[in-house]
Amino acid sequence: FKGGDTCEYLLSSGRFLGEKVWQPHSCMMHKYKNSEAKNCLIDKHVVFIGDSRIRQLFYSFIKLINPQVKEEGIKHGNIPFEDKSASIKVDFLWYPEVNGSMRQRIKSWTEGSVAKPHIIVVGAATWSIKIHNGSNEALAQYKINITSIAPLLEKLAISSDVYWVLQDPVYEDMLSENRKMITNEKIDAYNEAAVRILNSSSRNSKAKVKVFSVSKLIAQETIMKSADGLHLPESSRDTNAMILMNVYCNKIMKPIDGSCCQPQPPLTLIQKIAFCFFTLSIIGYLIISLIHRNNYRKNKSCTDLESGEEKKPAISTPNISTLEMLLQCFCKLGLIMTYFYLCDRANLFMKENKFYTHSSFFIPIVYILVLGVFYTENTKETKVLNREQTDEWKGWMQLVILIYHISGASTFLPVYMHIRVLVAAYLFQTGYGHFSYFWIKGDFGVYRVCQVLFRLNFLVVVLCIVMDRPYQFYYFVPLVTVWFMIIYATLAVWPQIVQKKANGNCLWHFGLLLKLICLLTCIYFLSYSQGAFEKIFSFWPLSKCFELNGNVYEWWFRWKLDRYVVFHGMLFAFIYLALQKRQMISEGKGDPLFSNRVSNVLLFISIVSFLTYSIWASSCKNKTECNELHPSVSVVQILAFILIRNIPGYVRSVYSSFFAWFGKISLELFICQYHIWLAADTKGILVLIPGYPMFNVLVSTFIFVCVAHEISQITNDLAQIVVPKDNSTLLKRLLCIAGFFSGLHFFSAMQDQSRH
């Protein structure tokens, strides 16, 4: 840890990921769009002073504001640019040498009430080398001139952002005859002089000229692609312009995926209260533990000095109390949340941008597949989608999704479409699992609902408080929560139709099908009526949960993307359980699900369907168009997978305990990855060990999985305490939870008011 000044890293160090993606050391660089650049630079005046290389940087910079600009200005003259819509002025001033003329221009901004530019970018040297044929006298004069200009730049740096661009290396073999005297040795001498002289007299950190040295590193990798050996290729100068934009704009725009030059966000009121709560929990747990330990020592077995026999303690060690269990859970959770905060809110650990390559995605996939197959065991039961099998399914899907996220594979459309099917499969299991429970058990009690809601939402509510993020930010949990409530409402509303009742009269099956048809109709209506959907979720208090950036569009988009798959899961469960009840399927160990002929036909159709979907997904050209078809066709590959996995008896009788272990903590893995495995709210990668990417991934993954497992245990323990089976006690707990959320809303309103 070398301190939190990521601006210094951005301006001085980094490396290429691939050919064109620049990765600054320790932080993430945001790719600014034209609209964002305009919003940042509104009412600003930017000046570039220097030679043809600075002119190149000037053009790349203004193209970030207006991509339509063409490089048609006078080569050896001043070039103005203005964007009247945002009142932005960007000027290039032709001063190819550091001399008296440049000094006079800079001095004019320091005198009187002259309006100073907000950003000044200066750099020159190659003309001095060229005109004076690389003489030592020219270098000596350069040092004298920079010495006279440095105090003026430092004075401007108090109120403006001033950057001195060091000279890029040249590709000597490509230089024309009249530029042969411009050698890298000479350029290094000029750069060394500039670095030594600039800021030498400034003791005030605010009055420092920022040395833009990263351009040298970029040029070292790309100057071979130069057209003349002197000027950088377009991609390299565009990278320099983007770095310049990040240095100035990140602290203004605060992009999530731009951690460079961003200050640490101040603690909110709710975060401070949470910190105090966890601190008190830790202190309380330590006090109770010490008291219990002392009591245990007093009552511990002691040896009779006369007989040498061990006496039994008069009082046995008491079981852990509910209060101690509660404090223990909050103590562990407090330590874990501190780690979350340090990883993704404090500027303590480094963060890097993602960079996708086929090998970074597919090699880990093959690796976990081999591990999964290696840990194969027999299932306890051989029913379709038994507990071990669904845990296994969740596990391997979650591992694939994690690899997808850390490798940045969303940029590769075929992979994106297949991952969308995996997310849909999670929701399919939601429909299948909850429908099966309510249909078979007929348990519509409050206890069951509260248990499910608590287990789904506990971690996310804590993270919303600690990480200062809206509930909708963790979109998957709101999604499964709402779908659970829809399933519950569909089956619990009068008339309640369950398997026991339907067995007595077959007409109840048609009644349930009518309910499912009504549900499908509502889903269809809401998916094509954005206005009606937004009105429903814009009412308070739903709006507090489902708004993101002031509207519910993101929530509508997420819900719409997999709108039919939960219904498909419910329908599949209904058909499967009906077939099972009528003994139309065989679920014995080693037996095929149907007769051999039917099983072979269904297996062939399933394999063809599975491959057909994969071919279609791989041929996708447009993400928007494919997303439109996805809700209707994703069920094809899901059902194909279920049949392939369950029709052969020997396949249905085994499962991977490796994948099943991860499946049991899949929800915690999905949520925890946001902050302690990935970084900047999933936009980047957390770097605990810089310089060793593979070792870093191993260490951060180990910690991440351990934390997810521990949170799963904490959630299960707290669920037993917070959601008891006794109805009167449960009612009291629900009133306490209502009070907690009322207080949270009150403090949130206070926060919003103080921010405004």
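Helices here are DSSP runs of H or I with at least four residues, strands are runs of E with at least two, and both are numbered from the N terminus. The model is predicted: local features need pLDDT of at least 70, side-chain atom pairs count only at pLDDT 80 or more, and totals for chains, interfaces and linings use all residues. Residue numbers start from 1 along each chain as its sequence is written, and side-chain values use heavy atoms, leaving out hydrogens and water.

**Nonpolar patch**

- Leu269, Ile273, Phe746 and Met750 form a nonpolar surface patch of about 340 Å².
- Patch residues have over 30% relative accessible area and no salt bridge; nonpolar side chains (Val, Leu, Ile, Met, Phe, Trp, Tyr) are joined within 5 Å, like charges within 9 Å.
- A salt bridge puts a side-chain nitrogen of Lys or Arg within 4 Å of a carboxyl oxygen of Asp or Glu.
- Accessible areas come from the Shrake-Rupley method with a 1.4 Å probe; for residues, only the protein chains shown count as cover.
- Ile273 sits in helix H10. Ile273 is partly exposed, at 36% relative accessible area.
- Buried means under 20% relative accessible area, exposed over 50%, and partly exposed in between (1.4 Å probe, protein chains only).

**Backbone exceptions**

- Most residues other than glycine have a negative phi, and most peptide bonds are trans.
- The Trp494 to Pro495 peptide bond is cis, with omega near -5 degrees. Pro495 lies in the loop between helix H16 (476-492) and helix H17 (499-504).
- The Trp540 to Pro541 peptide bond is cis, with omega near 5 degrees. Pro541 lies in the loop between helix H19 (530-537) and helix H20 (542-546).
- Leu385 is not a glycine, yet has a positive phi of about 50 degrees. Its loop runs between strand S10 (376-378) and helix H13 (387-407). Leu385 is buried, at 8% relative accessibility.
- Asp681, also not a glycine, has a positive phi of about 55 degrees. Its loop links strand S12 (678-679) and strand S13 (684-687). Asp681 is buried, with a relative accessible area of 3%.

**Helix packing**

- The axes of helix H2 (residues 34-41) and helix H3 (residues 52-65) come within 6 Å and cross at roughly 100 degrees. H2 is therefore roughly perpendicular to H3.
- Asn34, Ala37, Lys38 and Leu41 of H2 meet Phe61, Lys63, Leu64 and Ile65 of H3. Contact means heavy atoms within 4.5 Å.
- Axes are lines fitted to C-alpha atoms, for helices over the stretch in contact; angles run from 0 to 180 degrees between N-to-C directions.
- Angles of 65 to 115 degrees count as roughly perpendicular, under 35 as roughly parallel, over 145 as roughly antiparallel, and the rest as oblique.
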